[in-house]
Amino acid sequence: MDEKIFVTKPSLPPMEEYMEMVKDIWKSRYLTNWGKYVRQFMEELKAYFGMEYCMPMCNGHMALEMVLQAMELHGEIITTPFTFASTTHAIVRSGCTPVFCDIKESDGTIDEEKIEALITEKTVAILPVHVYGFPCNVERIEAIAKKHGLKVIYDAAHAFGMTVGGKSIATYGDASMFSFHATKAFHTIEGGCVALHDKEEALRVYQLSNFGIMNEEEVAFVGANAKMNEFEAAMGLCNLKHFEEYRTGRKEAYDIYRTELSGIPGVRMLTAYREDVVSNYAYCPVLFDAQTLGVTRDDVKKHLEEHNVFTRKYFYPLTNSFDCYKEAGFQGKTPVAERVASQVLTLPLYSDLAETDVFRICELIKEAMGIRR
């Protein structure tokens, strides 16, 4: 391959659609501070999710920090280290302590059967992570939280547009954070949002995201600046119109990977835990078992790079092994997460990835493992 193929490529709407909105922004010179496009985007997200409260933010990380702080949580939060740095950082930066629960090898989500053993008198919430377009076992987690009186905040950075049991993924738990970064299945260039059920918590998220300002003369909280701007909201409004097209393109590429890589001993694609899940095909994670294959995940990655195909070890390393947390003494043993992290490779996946390129990538993977046609 002469042309470089990266692990992801942002989907973009027709330029004329976006530029019409940009012209309007240019004319108004209203660029930020809850302009008309941010407010319109908020209303369309609420309708899309079927949620009464949804707050667009400058990025997913700040959305997660804002909701944790709005809930005034102080104590231990059960989560998973098989995630992006943002999840653990948001917990720590909000003054709470992460307690790490292991994951399921089948789909990479938190192992709900191991949550209760980690609950103590200090536990205040569960923060599970939907990964790659696979949802957590939302009903079981809800039952555990209800039994123990805990909040549930989902890191849904990978989960935009997903449904479980016919319901939007956003409707589960007390709140869900979505990332709209350019690498996601749905994006606003940068950006994110938090969807909530509680009116008072939604108001507090809004206040915290605007420096804690109540009015022109009153600042009641120590807040931050987490507001989305008009250019990001305009991109979100455009991309929302085309999201189902993007989802279809991603699914077509994903299905080729699934067909071409199935049946190879030592190679396994992760799968959702139930049939009534509508995925967004956010990423294409594949596990490579070195003991069975005789080659490592890193060997496969290197071979692909030699042919201009760039993949990602996502998620690796685990957040509980970061240098910044080595002396923290956070609890939780996660051997399954460690094993999956050592084997996982996310393959190129985006809405306009050519079928011929997907087939060629699969051939290169087989070539790296010594499999000849």
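**Close-up views of a predicted model**

View 1. F6 and F310 make a stacked pair, with 5.4 Å from centre to centre and 20° between the planes. F6 belongs to the segment before α1 (15-28) and F310 to the loop between α9 and α10, so this pair ties together parts that are 304 residues apart in sequence. F6 counts as partly exposed at 45% relative accessibility, and F310 counts as partly exposed at 23%. In the pair of Y132 and F134, the ring centres are 6.3 Å apart and the planes stand at 75°, so the arrangement is edge-to-face. Both Y132 and F134 are buried.

**View 2. An aromatic cluster.** One cluster is formed by F41, Y48, F49, F160, F178, F180, F186 and F243.

**View 3. Surroundings of the R297 side chain.** The charged end of R297 sits over the ring of Y316, 5.0 Å from its centre. R297 also meets D298 in a salt bridge (2.7 Å, N to O). R297 is buried, with a relative accessible area of 4%, whereas D298 is partly exposed at 39%.

**View 4. A lysine over a tyrosine ring.** K167 lies over the face of Y172, at 4.6 Å from the ring centre.

**View 5. Salt bridges.** The whole structure holds 26 salt bridges. In the one between R93 and E65, the closest N and O atoms are 2.4 Å apart. This pair links distant parts of the chain, with R93 in helix α4 (residues 85-93) and E65 in helix α3 (residues 60-70), 28 residues apart. R93 is exposed, with a relative accessible area of 56%, while E65 counts as buried at 3%. E244 and R247 form another salt bridge (3.0 Å, N to O). E244 and R247 are three residues apart in helix α7 (residues 230-261), and so about one helical turn separates them. E244 is partly exposed at 44% relative accessible area, and R247 counts as buried at 10%.

Technical notes. Residues numbered from 1 in each chain as written. Predicted model: local features only at pLDDT ≥ 70, side-chain atom pairs only at ≥ 80, totals over all residues. Heavy atoms only, no water. Phe/Tyr/Trp six-rings, centres within 6.5 Å; stacked < 30°, edge-to-face > 60°. Helix = DSSP H or I, 4+ residues; strand = E, 2+ residues; numbered from the N terminus. Buried < 20%, exposed > 50% of the residue type's maximum accessible area, 1.4 Å probe, protein only. Lys NZ or Arg CZ within 6 Å of the ring centre and 35° of its normal. Salt bridge = Lys/Arg side-chain N within 4 Å of Asp/Glu carboxyl O.
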